[in-house]
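Me: I would like to learn how to read salt bridges and a sheet in a structure file. Please take one feature at a time.

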Amino acid sequence: MENLYYVGVNMANFALAVLVTQFIWYLIKRFSKSKKKDVTEQTPWYNVVLSLFVALFSGDRALVGIFTLIVTLIIALIGIKRKGVQEKQISNWGFGITLCIIGLVGTMSYYGMWIYIVIGAFWIWLTVYNKSQKFFRLTPKVFSSLILLAVGIIVFFVGNYYDKETAHIRTDDYSVKLGKKEATISGVATPNVKVKTYLDGEEITPSEETDSDGNFSFQAKTPGKWTVKVTKNGKTASDTTIVKKSQAWKDYQSKEGAEKAKEAFNEAYADAFSNLDSIGVEEYNAWADANNAGGGGTIDDTLKQVQKKNSKDIIAAYVNLSTLKDNLKKLQESGNSDADTYREYYTDIKKLQTTVLNPPAGDIDNFGDDFEDQRNTVNSNLDMLEE
């Protein structure tokens, strides 16, 4: 049902184009003083006018009408001197076949275009094989257009509800290869919602976001299994793209990427330590004050208050730790000789994160000893990184 409302729009636009053309044809015939067959009786010119209205009503898909206009106009001009064009229904065949071709080619890149294959085939059946039968005193074209318009409106509202109010997401490619630095992951999802991204199961922050049409796109700089998820009205949908290594990416990582990854790692390491250290110190002081006060709530409540107060630092720490992991993986993939050392640095700051954000059970001394040991270790690592 993805983008089903586009199908409804295409159906309704075509139906309106036929109804307007029919009305114009009726007015011309009604007020025409000529008793001879004039241009209004010629099917090729009907299809030319219809193509014009299809182009006008189709908005950003006006090319549908433009292509049929070119085909039908050529046929109409040829038909001025060749009566066989009218007799053999070449214009109706050309109009219908052109719609089928447009629908077939368009479907490869745009989901809602498949309906033109159906409309084109139906048009040939209606105008070539079933042009005389009336339905409820209405001509086949008018009756069919009214039905098509009604169905199109229903399909539009069903599709619009699905698109706007349900969780759905689809990436453009199941797998992509990294270029020299990155690969693009794009797709379509529920409009105006956050797209959470995960690399090999771990969430990458900050989240992406879809635009008003549901499109999203971001750059993946690391190979692996990238999963994207959206949530709407309590329901979650997801899709996956496998980002594969390329020789260009490997060469870049081994020659230049490793040093840049180290620089980014060092900067994020210092920032993450600053975030976690300030929180840990405040937690220790709050714990000590609570002990000295001898009552009033629990230590869990005290630590929650500290973390709530420092929520921005906590978010910043998560972002920096995500950056650390990303750049550590780049080092490992590049085969850099310092990758194992940087892995130890990463392990140390993860321990500090766990202690600060999930303080160990027990008394303040347990927390204080762990925190002091780990902050000294990370601080020592910073000295090594700055050399």
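Me: Which side chains meet Lys309 and Glu282, and in what kind of contact?
Reply: Side chains of opposite charge can pair when their charged atoms come close. A salt bridge here is a side-chain nitrogen of Lys or Arg within 4 Å of a carboxyl oxygen of Asp or Glu. The side chains of Lys309 and Glu282 meet each other in this way, at 3.2 Å from N to O. The pair links distant parts of the chain, with Lys309 in helix H9 (299–309) and Glu282 in helix H8, 27 residues apart. Helices (H or I, at least four residues) and strands (E, at least two) are DSSP runs, numbered from the N terminus. The model is predicted: local features need pLDDT of at least 70, side-chain atom pairs count only at pLDDT 80 or more, and totals for chains, interfaces and linings use all residues. Residues are numbered from 1 along each chain as its sequence is written, and side-chain values use heavy atoms, leaving out hydrogens and water.

Me: Is Lys309 buried or exposed?
Reply: Buried means under 20% relative accessible area, exposed over 50%, and partly exposed in between (1.4 Å probe, protein chains only). Lys309 is exposed because its relative accessible area is 63%, while Glu282, at 23%, is partly exposed.

Me: How many salt bridges does the structure hold?
Reply: There are nine. One of them joins Arg375 and Asp277 at 2.7 Å, N to O. Arg375 is in helix H12 (364–386) and Asp277 in helix H8 (247–293), 98 residues apart. Asp277 counts as buried at 15%, and Arg375 as partly exposed at 22%.

Me: Where do Lys330 and Asp326 lie?
Reply: Both are in helix H10, four residues apart, about one turn of the helix. Lys330 is buried, at 14%. Contact means heavy atoms within 4.5 Å; leaving aside residues up to four places away in sequence, Lys330 touches Lys221, Thr222, Gln253 and Ala261.

Me: What is the strand order of the open sheet?
Reply: Strands of a sheet pair through backbone hydrogen bonds, either parallel or antiparallel. Two strands count as paired if DSSP finds at least two bridges between them. The order of the five strands is S2-S8-S7-S4-S5, with mixed pairing. S2 (175–177) and S5 (202–209) stand at the edges, each with a single partner strand, so one side of each has no neighbour in the sheet.
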